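Please look through the sequence and the structure shown here before reading on. The briefing that follows takes up charged pairs, rings, the surface and the backbone in turn.

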Amino acid sequence: MDDLVAGRYRLEEEIGRGGMGVVFRALDTQLDRSVALKMLLPEATRDLGLRRRLASEARTASAISHPGIAIVFDFVETPDASFIVYELVAGRTLRSELAAGRFSTEELVQAGIQLA
């Protein structure tokens, strides 16, 4: 994965995948920092509705400032790709925590507070 996306972001590894997109750990080569790059899958890039949905997500997330929400650094649309560049947050996902086993009552309460 040596190619730069949008002439700036070097994809390092896939860290997540969903129905319409994939998330990569990437390096912002201009600012020399690690970021999370959420990109539409190639087949989804051709869907104007999904491109609009991703743009809306970028606008909405960029308007929120909260310690529990990753910062949006950039939104890029090209003819071949659409992606949001987020702050890369270290840690485990809720999905991996759920797969690991049961939560204690205190952990459930803390997770609920953070989600709210």
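A residue is called buried when its relative accessible area is under 20%, exposed when that area is over 50%, and partly exposed in between. Lys 38 therefore counts as partly exposed, because its relative accessibility is 24%. The model is predicted, and the points below are grouped by topic.

**Salt bridges**

- Side chains of opposite charge can pair when their charged atoms come close.
- In the whole structure, a search finds five salt bridges, and those described here include the ones made by Asp 28, Glu 14 and Lys 38.
- Lys 38 and Glu 57 meet through their side chains in a salt bridge, with 2.9 Å from N to O.
- This pair links distant parts of the chain, since Lys 38 belongs to strand β4 while Glu 57 belongs to helix α2 (residues 48-62), and the two are 19 residues apart.
- Another salt bridge joins the side chains of Asp 28 and Arg 8, at 2.8 Å from N to O.
- Here too the pair links distant parts of the chain, with Asp 28 in strand β3 and Arg 8 in the loop between β1 and β2, 20 residues apart.
- Asp 28 counts as buried because its relative accessibility is 1%, and Arg 8, with a relative accessible area of 18%, is buried too.
- Glu 14 forms a salt bridge with Arg 17, and their closest N and O atoms are 2.9 Å apart.
- Glu 14 has a relative accessibility of 36% and so counts as partly exposed.

**Aromatic rings**

- A pair of aromatic rings is described by the distance of the centres and the angle of the planes.
- The count comes to one aromatic pair, which is formed by Tyr 9 and Phe 83 in an edge-to-face arrangement, with 5.8 Å from centre to centre and 85° between the planes.
- Tyr 9 and Phe 83 are both buried.
- Elsewhere, Arg 33 lies over the face of Phe 73, at 3.7 Å from the ring centre.

**A buried polar side chain**

- Ser 82 is located in strand β6, and with a relative accessible area of 0% this residue is buried.
- The side chain of Ser 82 makes a polar contact with the side chain of Arg 51, at 3.4 Å.

**A nonpolar patch on the surface**

- Leu 94, Leu 98 and Leu 115 form a nonpolar patch on the surface, and together they have about 330 Å² of accessible area.
- Leu 94 is found in helix α3 (residues 94-100), and its relative accessible area of 46% makes this residue partly exposed.

**Positive phi values**

- Most residues other than glycine have a negative phi.
- Ala 6, in the loop between β1 (4-5) and β2, has a phi near 55°, which is a positive value in a residue other than glycine.
- Ala 6 is partly exposed, because its relative accessible area is 45%.
- Asp 32, in the loop between β3 (21-28) and β4 (33-40), is likewise a residue other than glycine with a positive phi, near 55°.
- Asp 32 has a relative accessibility of 62% and therefore counts as exposed.

Methods
Residues numbered from 1 in each chain as written. Predicted model: local features only at pLDDT ≥ 70, side-chain atom pairs only at ≥ 80, totals over all residues. Heavy atoms only, no water. Patch = residues over 30% accessible without salt bridge, like charges linked within 9 Å, V, L, I, M, F, W, Y side chains within 5 Å. Areas by Shrake-Rupley, 256 points an atom, 1.4 Å probe, with all protein chains shown as cover. Salt bridge = Lys/Arg side-chain N within 4 Å of Asp/Glu carboxyl O. Helix = DSSP H or I, 4+ residues; strand = E, 2+ residues; numbered from the N terminus. Buried < 20%, exposed > 50% of the residue type's maximum accessible area, 1.4 Å probe, protein only. Phe/Tyr/Trp six-rings, centres within 6.5 Å; stacked < 30°, edge-to-face > 60°. Lys NZ or Arg CZ within 6 Å of the ring centre and 35° of its normal. Polar contact = N/O pair within 3.5 Å; in protein donor to acceptor, adjacent residues only side chain to side chain.
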